[in-house]
Structure formats: structure tokens, C-alpha cells
Amino acid sequence: MHGCDTVIASRNLDKLKEAAKKLSAALGRRCLPLCMDVRQPETINAAVDETLREFGHVDILINNAAGNFLCPASALSFNAFKTVMEIDTMGTFNTSKVVYEKWFKDHGGNIVNISATLSYRGQALQVHAGSAKAANDAMTKHLAVEWGPSGVRVNAVAPGPISGTEGFRRLGGARAEGAQSFQSIPLQRAGNKTEMAHCALFLASRASSYMTGAILVADGGAWLTSANDVSMLLGIASSKSAKL
């Protein structure tokens, strides 16, 4: 945690409590678990109020709520698309606005959004998440412009395939690794969670004090060279559907 006390928030309080215990034990800092749904501003208001009661201030906000799965656009339900947009895009706006109004507006602060490279080339099977993250990238720039005079920096990290994550499991990462698909990435491998943590740390720290409105792509060069192979990706989606 690099000297920070932290608050972690999600809908599943039991998992949060377990994670908070591990973080506190490992790092010797306070970690407050709070139940919150980024789609419901009233729960965000309550969580931020509790944070200010407990710690007295907020320095950094990490927006990392997301929902994703592989699905052809033609098979994607209206509700599924809406849900991803609500979690990824509305959730990022809702949380940023509440924290800004309650603390950052008068004290400054730092927002780091977790983005993606899906929209750069229109990745197959990802119209929902790609659209949501593209909107977040635009939001990152808009908020950086509007809130900069209040001393608020707003940046984003756009990871590539990151091993050991739920996204890696859900989005066919293990299969791609087994098929040696990562050999097409300039750095020849998937990334890891520590590397992404270092990227977020950089943007959250004074090391990036003159950066705002930036999207830091950390994907080993994957979006530049990896195939956007519709036939292969549709095959992955079909095999996943067959298992459901």
C-alpha cells in the first residue's frame, strides 16, 4: 500500500472483509471494507461519508468496477449491454462525482481509472466492454480538463491480457496462452498483476504529478500486433456457450 490506508468497496461484503484482513495483516495498514454498488449513487454517498468519518480525507480514487464476457453483438441482449455500461461507465462517473463533490473539489485529489484497449481496433465479441471503456477514456479527458483547476488529476491505465485475473479466465486467456497466441505480442507474454499495480502506483503518486488526462497503455504492445481474428474468436464464444 506504500504508506496508504485504504478503503475497498464492492457488493460482496464477505469477500471484502476477507481481503481487508489479508491486506492489513500483510502491510500493517488499515483497510476498511465497505459494501457499495457503483450503479447506486446513494450507496456511494454512504461509503464516502463512512470513509471521511474513519480517515478524515480521501487522496486517491481508483475506479476499477467492470463487467465483461465474450459475446457476439448479434447475440448480446439489450439488458446485458446496458448492465455493462451501467457498471463500467456510469459507475465510474457516479463514484468520481461523489468523491469530487464531497472532498476533491475543495482539497484536490487523484483519480485513476482502469481502462482497456478493446475499442482501439474494435475487438470482436467485445462491443459492450469496448464501448464502455472507450466512454471512460473520453470521461478521463473531460474530467481532467474540468477538474484540473481544483487540483484534481485524472488518468487511466489500459491493461492487456493479465495472468491470474478473473478477466484472464473469463476472456480466454488460458486458451490463448496454450495456443501460444501471446507470441504475437511484442513482449511475447501476458502481463502480471504486480506490473499493473506499479502502473497504478505511478499514476497515483507524485512521480506523475504533471500528468493528467492520459491513458497509460500497459499491454506489452498487444493491441499493435495481436490478431483481431473473428473466426477464432467466434469459435471461442461457441465453445464457451456449449459448456453453459
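## Basis of the description

Helices (H or I, at least four residues) and strands (E, at least two) are DSSP runs, numbered from the N terminus. The structure is a predicted model, in which local features need pLDDT of at least 70 and side-chain atom pairs count only at pLDDT 80 or more, while totals for chains, interfaces and linings use all residues. Residues are numbered from 1 along each chain as its sequence is written, and side-chain values use heavy atoms, with hydrogens and water left out.

## The protein as a whole

The protein has nine helices and six strands. Of its 244 residues, 39% count as buried, a term that means under 20% relative accessible area, whereas exposed means over 50% and partly exposed lies in between (1.4 Å probe, protein chains only). Among contacts (heavy atoms within 4.5 Å) between residues at least 6 apart in sequence, 76% join residues at least 24 apart.

## The sheet and its helices

Four strands, in the order S3-S4-S5-S6, form an open sheet with parallel pairing; two strands pair if DSSP finds at least two bridges between them. Strand S3 (60–63) and strand S6 (215–218) are the edge strands, each pairing on one side only. On average, neighbouring strands of this sheet are turned by 20 degrees against each other, direction ignored. S3 is joined to strand S4 (residues 109–114) by four bridges, and the two run parallel; Ile 60 has Asn 110 as its bridge partner in S4.

Helix H3 (residues 78–107) packs on the sheet, where it touches S3, S4 and strand S5 (152–159), and its direction makes about 175 degrees with that of S3. Helix H7 (residues 193–204) lies across S3, S4, S5 and S6 and runs at about 165 degrees to S5. For these angles, axes are lines fitted to C-alpha atoms, for helices over the stretch in contact, and values run from 0 to 180 degrees between N-to-C directions.

Asp 37 is placed in the loop between strand S2 (31–35) and helix H2 (41–55), and it is buried, with a relative accessible area of 11%. Leaving aside neighbours within four places in sequence, Asp 37 is in contact with Arg 11, Thr 43 and Ile 44.

Leu 125, in the loop between S4 and helix H4 (127–147), is buried at a relative accessible area of 6%, and its phi is near 70 degrees, a positive value in a residue other than glycine. Gln 188, in the loop between helix H6 (173–178) and H7, also has a positive phi, near 65 degrees, but Gln 188 is partly exposed, with a relative accessible area of 40%.
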